[in-house]
Amino acid sequence: MLLLRYKGDTSVPVEVEGLTPSAVRDKSLAEIERFEIFHGNRTLPLAEFFAVSGDPSDARFEFEGNLAGVHWIGAQMSEGEIHIRGDAGRHVGSEMTGGVIHVHGNASDWVGGEMHGGLIHVRGNAGHLIGSAYRGSKAGMTAGTILIDGSAGNEVGLTLRRGLVAIGGSCGDFVGANMIAGTVLVFGQCGNRPAAGMRRGTVALLGGNPPTLLVSFKKSNVYEPLFLRLVFSHLESLGFAVPSECWSASYSLYHGDRVTVGRGEILIRE
């Protein structure tokens, strides 16, 4: 594996967009050390901020250190595996098309922003706009899986097109807003106005004390959806913990948002 140990001491953002397993797997360590990254608006070699060692040929990266000020880790990656041993900055895995990213700490905003494939698993908390569309874009995440063991902020799954997002803890307002399709599961508390403006897709609120839904959602029935158990099994196979009470619970089904196409659904655990 290639080991990248962060040694920077700066409050100015460091951006490593383009530093992916496929981009450097055939390069020497000296060439990787010269890989250009951004420090604010300045272009500098990677070695200015990272101690580089190991072998990149197996397409596996290990990032170590406090990387909360390092952004775009794994952005646009198409293959391989990245482990971040600490906190990470914004845009982890944004626009990635394949591969796996594990964050063994917290992550900031835009985890998996507009991603198109692969898996991101954050063991801690995450910020706002998980799997979401960038401002002005027509669609957010189109494929792949994002798992957040802890809590997340506002606008999780904004304009989600396809894919699966699971939040183990709580999340903020507007989860699943303007969803086109896809699935968002929230196992903790949820903020206000979930699935506002959704066209299709599924938002499942699996914790207690759900928020009041918008009046443009209409209750259909109460049942035990088989597909949820299949999703739970898939999540557990990926190392994501599903609370035992979710497996056998009944769920209220609401259709909406009727201010748009109205073919989406919200599931609320009884």
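The following legends describe close-up views of a predicted model.

Residues are numbered from 1 along each chain as its sequence is written, and side-chain values use heavy atoms, with hydrogens and water left out. Because the model is predicted, local features need pLDDT of at least 70 and side-chain atom pairs count only at pLDDT 80 or more, while totals for chains, interfaces and linings use all residues.

View 1. Strand 1 covers residues 2-6; strands are DSSP runs (E, at least two residues), numbered from the N terminus. Four of the five residues in strand 1 are buried, that is, under 20% relative accessible area with a 1.4 Å probe, protein chains only. Strand 1 runs parallel to strand 6 (residues 60-64), and four bridges join them; two strands count as paired if DSSP finds at least two bridges between them. Leu 3 has Glu 62 of strand 6 as its bridge partner. With strand 5 (residues 50-54), strand 1 pairs in the antiparallel sense over five bridges, and Tyr 6 stands opposite Phe 50.

**View 2. Phe 50 and the nonpolar cores.** A nonpolar core is a set of buried Ala, Val, Leu, Ile, Met, Phe, Trp, Tyr and Cys residues joined through side-chain atoms within 4.5 Å. The largest such core has 58 residues, and Phe 50, Phe 63 and Ile 84 have the most contacts inside it. Strand 1 provides the largest share of this core, three residues. A second, separate core of 19 residues includes Leu 147, Ala 166, Leu 206 and Ala 249. Beyond its neighbours within four places in sequence, Phe 50 is in contact with residues including Leu 4, Tyr 6, Val 16, Phe 63 and Val 70, where contact means heavy atoms within 4.5 Å.

View 3. Strand 2 (residues 14-15) pairs with strand 3 (residues 36-39) in the antiparallel sense over two bridges. Glu 15 has Phe 38 of strand 3 as its bridge partner.

**View 4. Cysteines without disulfides.** A disulfide is a pair of cysteine sulfur atoms within 2.5 Å, and the count by this rule is zero. The sulfur of Cys 190 has its closest cysteine sulfur in Cys 171, at 4.0 Å, too far for a bond. Cys 190 is buried, with a relative accessible area of 13%. For Cys 246, the closest cysteine sulfur is that of Cys 190, 14 Å away and likewise too far for a bond. Cys 246 is buried, with a relative accessible area of 1%.

Technical notes:
Buried means under 20% relative accessible area, exposed over 50%, partly exposed in between (1.4 Å probe, protein chains only).
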